[in-house]
Amino acid sequence: MEALTTIRPELLTLTDGQLQALMPYFLVFGGISLAIIASVLRSLKPKWPVFILGMLTTIAGICSASGLLGSQAGSELIFNGMMVSDAYSNFFNIVFLASAAFTLLSSFRYLDHEQLQHPEYYVLVLFSALGMMLMASALDLIVLFIALELMSLSVYVLVGFRRADRRCNEAAMKYFILGSAASAILLYGSALLYGMTGSTNIRDILAFVQAHPQGLPVVYVLGAWLVLVGFLFKVATVPFHMWMPDVYEGAPTPVTGFMTTGLKAAAFAAFVRVLISAGYGKGLVTAVQSHFHDILWVSAVLTMLVGNIVALTQVNLKRMLAYSSIAHSGYILVGMIAGPGSEQGYAPVVMYLVAYAVMNLGAFVVLTILAGRDDSGLNLQDLAGLSRRHPWLSFAMGVFMFSMAGIPPTAGFAAKYLLFYSAVQANEIPLVIIAVLCSAISVYYYLRVLVYIYMRDPAGSPAASRVSVWSLVAVSAMVVLTLQIGILPAKMVSAAKKAVTSL
Amino acid sequence: MAWLDSHLLTTTLFLPLVWAIFGLMIPTGTPGGRATLRTWTLLGSIATFALSLLIYQRYDAAGAEFQLAEAIDWLPALGISYQVGMDGISLWLFLLTTFLMPVAILSSYQAIEHREREYYFLLLFLETAMLGAFVALDVFLFYVFWELLLIPMYFLIGIWGGKDRIYAAMKFFLYTLVGSLLMLVAIFYLAYQHKVQFGSYSTTLIDLYRLRLPGEGYASAQSLLFLAFALAFAIKVPLFPLHTWLPDAHVQAPTAGSVILAAVLLKMGGYGFMRFAFPLFPQAVLLYQVHFLALGAIAIVYGAWVAMVQPDIKKLVAYSSVSHMGYVVIGLFSLNPVAAMGSYYQMLNHGISTGALFLLVGMIYERRHTREISAFGGITRVMPLFAVAFMIVTLSSIALPGTNGFIGEFLILLGTWQASRATAVVAALGVIFGAVYMLWMFQRVMFGPVNHKENESLKDLSFRELAVLIPMIVAIFAMGVFPNFFFSKLDPSISRFLERSTGAALKVEAASAPATAVYAAKGE
């Protein structure tokens with residue numbers, strides 16, 4: 001804590017490498033600032049300028065992050081080790097920004113249609129993407145907390161964006177209160193850890209743990225528990241999942257899509273980084289390690305079971321996808337449990353997050369197109385006979401559903417294959433058997449969507465929805481990606497591997 | 001040509017899919033457009049059949065190992081490669097598939113009246129998936145094709161099926177999927193064992209054959225892995241008591257779907273046993289021999305009894321499949337060359353005869369829109385050609401000498417007698433029951449007075465329908481009279497299969513380098 005009392009110039013200046021490493025963040029932040037300015041110029045009809053600025057910002061961010069991904073060797077500590085820029089963070093930066101970009105694409109017409117076209121929407125999406133980027137690179141509990149709040153606060157507003165709608169308000173309120181509680185738990189845990197170890201830096205905390213091989217003080221364990229619970233809350237694993245279905249159902253559809261992809265990936269990205277940096281899998285004493293392992297194991301099994309079984313009975317598609325999202329969190333936990341014991345490490349987790357983001361975002365873009373006024377018309381029976389009205393959208397939905405169910409040749413299958421394979425390597429065979437049986441359950445509700453789309457006749461003759469060019473671009477991109485990752489997964493696997501080896 | 005020579009299997013494999021994608025571009029708004037689409041699809045399947053004849057010609061009868069092999073890295077990080085090749089066991093099932101596809105397509109001309117573009121696309125897509133499963137030499141690749149073929153079949157049943165099509169499609173999909181997911185876990189374990197035992201990742205079949213897994217007792221690795229594989233294959237076969245999806249799927253599927261289900265998809269179970277479950281886990285096979293022989297024998301008798309009381313012709317044929325596939329299972333588990341040969345032959349026979357039966361049932365259904373046995377009677381008088389064709393196929397199904405069915409069942413009973421007399425006796429009873437239900441059904445449908453007015457004006461077979469049936473009938477007699485033609489390219493592979501499954505080949509293969517066998521076949 002000397003930095004607070006004495007000024008050390010080397011802490012205030014940035015080397016060239018650090019400056020470069022910060023470029024994606026600067027670009028996104030600069031873009032956001034411009035977008036804010038553009039959005040207050042009401043006389044300009046700010047819809048187009050803000051939308052274009054938002055798209056340019058995400059593209060610039062993606063370009064600079066992928067440039068870093070190619071050029072950067074090793075990791076770059078920034079701001080006195082509070083943040084780190086490495087292949088992992090840049091990989092996820094691309095995921096977050098791409099997810100934001102596709103959300104913007106699919107929202108554009110939707111907002112017109114719903115008469116919600118306010119420029120703040122785009123700014124908030126970008127802000128929360130920035131929060132995600134910071135989360136994936138945080139190496140300090142304080143930075144992590146700030147990033148988390150930046151992301152969450154923006155999303156709270158987005159969830160309640162349809163101000164006049166009751167369900168939307170309910171969702172926003174619920175999400176705000178429960179999300180704040182989760183943040184508070186995380187913060188409380190961080191405070192306890194700081195109290196015991198004298199630092200909020202994760203690597204210092206690891207050093208503290210390693211210095212106490214005999215046993216850790218109770219307060220430390222309590223703090224670690226609370227941090228863990230905070231994360232489990234954010235990634236919505238059972239029994240901390242209660243907020244999710246209501247929020248997903250009530251939020252405007254593109255926002256839900258953004259939440260299931262970006263938000264989830266960010267929470268897991270930070271979770272994995274914190275867990276590994278805190279010594280999970282390497283460096284923890286056996287007792288603590290197996291303790292963490294057991295907590296995650298129980299949570300994974302419960303999450304997969306509850307998510308999949310409850311999803312079986314849902315008739316609203318957004319709600320069904322919410323429960324399916326819970327189930328997928330369970331699979332990802334399987335990967336985290338397997339991480340230390342398998343040679344693939346956490347690469348399957350990263351791969352799964354990407355695959356999940358792609359297929360889920362795709363499904364939500366389709367739902368966004370189909371949604372009627374106030375997000376009506378998203379029940380299963382509204383999809384009856386969709387294949388006559390929208391053959392290509394139906395095909396896309398088919399690809400996404402098969403992918404989520406884990407049927408080849410889709411991204412979902414390749415990712416699941418890798419994930420469960422690594423769990424077998426880690427000798428978690430009972431867990432894998434539970435996981436594959438759960439995914440067999442999930443096939444039922446994914447296929448039921450296709451039953452309605454392809455095999456049932458529509459009631460009456462519903463009108464076809466209007467499909468904007470922007471949404472079409474987003475859907476096609478997701479279909480191509482889903483199939484591409486599924487058929488030729490080698491590239492994505494090596495990218496994921498590269499990302500996790502930098503951890 | 002040089003390129004085609006070295007990529008013959010891949011070309012044949014993906015030709016239907018590529019062909020189908022072009023087919024999607026044909027506008028089907030007019031009757032002319034629809035006719036173009038049908039012709040286009042038929043041509044695609046005939047072209048595939050032609051290529052597969054080329055494969056037949058290139059296949060060297062003397063070789064026991066995989067031929068025409070191709071290998072490309074796919075996911076090197078996990079040792080996964082795109083590897084295809086065939087031995088005699090693949091060859092004939094491959095040919096059966098390509099032979100039946102034109103027939104199935106031709107039979108759909110009138111039956112399918114809506115959404116034809118999707119229908120024909122799915123049929124060709126299905127062909128690629130089935131062919132892929134028969135030639136995949138990498139367990140990952142095999143699994144991909146194995147699951148892939150569920151997708152088109154699911155839609156074929158669910159969209160163009162009968163009244164309860166959605167239930168049947170869902171049941172078919174879930175049933176087969178649950179079985180294969182446990183197989184997937186077993187595949188993970190095998191692939192990981194290769195890493196443990198040989199230090200490198202591989203999912204190539206030839207490499208996995210070299211694994212040594214503990215096989216003593218019911219809780220051993222071999223036993224558990226065998227059960228995981230066997231569950232997937234037994235559901236597909238389908239073996240009693242896992243057969244319950246089959247009557248639903250068969251009855252609800254459109255004619256072409258039923259033909260393909262019966263003729264090819266069920267064979268995947270038998271093929272899976274021969275290619276994977278037996279050679280990979282020889283000790284476990286011995287351990288479970290008795291159980292599977294018993295289940296097979298039960299399936300034969302049970303299937304026959306249930307078939308006997310069915311009021312619906314299609315359902316009767318569906319249950320007869322359960323009975324016929326029971327023979328395949330007891331033949332395989334008898335573990336001797338005669339029975340194994342018979343078993344394999346029986347798979348081909350069943351493909352032809354049951355396929356033909358479903359075609360015939362489809363034809364009469366198109367005319368009468370019912371399949372109730374009681375709705376018919378005296379059909380011989382109104383449809384003589386149809387009656388002749390039905391007679392021939394029925395006789396083939398009850399294994400009359402001179403038809404294909406006889407060779408298969410005779411060899412199986414002969415071989416099973418050596419392995420287990422009790423099983424052979426029960427199975428022989430099944431032959432009698434088989435004759436009873438088929439002939440009884442034939443009698444009720446074909447003979448007697450014409451009781452129903454609607455039946456008096458039924459048209460006999462059209463030229464197109466004859467074109468569908470004649471190849472099948474020719475195949476029935478060809479296989480019944482010239483079995484040696486088929487055995488010659490099969491013998492070495494069957495004996496190699498048995499060497500592997502009884503553990504005799506372990507020593508030989510441990511000595512040879514991993515993938516050399518594949519390349520040796522290419523002449524390098």
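Chain B is divided into domain 1 (1-280 + 509-524) and domain 2 (290-489), with bounds that come from an automatic or database domain assignment. This is a predicted model, in which local features need pLDDT of at least 70 and side-chain atom pairs count only at pLDDT 80 or more, while totals for chains, interfaces and linings use all residues. Residues are numbered from 1 along each chain as its sequence is written, chains are lettered from A in the order in which they are written, and side-chain values use heavy atoms, with hydrogens and water left out.

**The two domains of chain B**

- The C-alpha centres of domain 1 of chain B and domain 2 of chain B are 24 Å apart, and 45 residues of domain 1 are in contact with 41 residues of domain 2, where contact means heavy atoms within 4.5 Å.
- About 3900 Å² is buried between domain 1 and domain 2 of chain B, with carbon and sulfur atoms giving 78% of that area; buried area is the accessible area (1.4 Å probe) that two parts lose on being put together, summed over both.
- Of the area that domain 1 of chain B buries against domain 2 of chain B, 17% is supplied by Trp92(B), Phe240(B) and Val251(B), more than by any other three residues.
- Between domain 1 and domain 2 of chain B there are 0 salt bridges, a salt bridge being a side-chain nitrogen of Lys or Arg within 4 Å of a carboxyl oxygen of Asp or Glu.
- The side of domain 1 of chain B that touches domain 2 of chain B has 34 nonpolar, 10 polar and 1 charged residues, where Ala, Val, Leu, Ile, Met, Phe, Trp, Tyr, Cys and Pro count as nonpolar, Asp, Glu, Lys and Arg as charged, and the others, Gly among them, as polar.

**Where chain B meets chain A**

- In this interface 36 residues of chain B are in contact with 37 residues of chain A, and the two chains bury about 3500 Å² between them, 79% of it on carbon and sulfur atoms.
- The interface of chain B and chain A has 1 salt bridge, which Glu343(A) forms with Lys195(B), their closest N and O atoms being 3.5 Å apart.
- Across the interface of chain B and chain A there are also 9 residue pairs in polar contact (both at pLDDT 80 or more).
- Helix H8 of chain B (165-198) is one of the elements that supply at least two residues to the side touching chain A, and H8(B) gives the largest share of that side, 17 residues; helices (H or I, at least four residues) and strands (E, at least two) are DSSP runs, numbered from the N terminus.
- By class, the side of chain B that touches chain A has 30 nonpolar, 2 polar and 4 charged residues.

**Each chain as a whole**

- Chain A has 20 helices and 2 strands, and its C-alpha atoms fill a box of roughly 70 × 60 × 40 Å, taken along the principal axes.
- Chain B has 24 helices and 2 strands, and its C-alpha trace spans about 75 × 55 × 40 Å along its principal axes.

Notes
A polar contact is a pair of N or O atoms within 3.5 Å; within protein, one must be able to donate a hydrogen and the other to accept it, and residues adjacent in sequence count only if both atoms are side-chain atoms.
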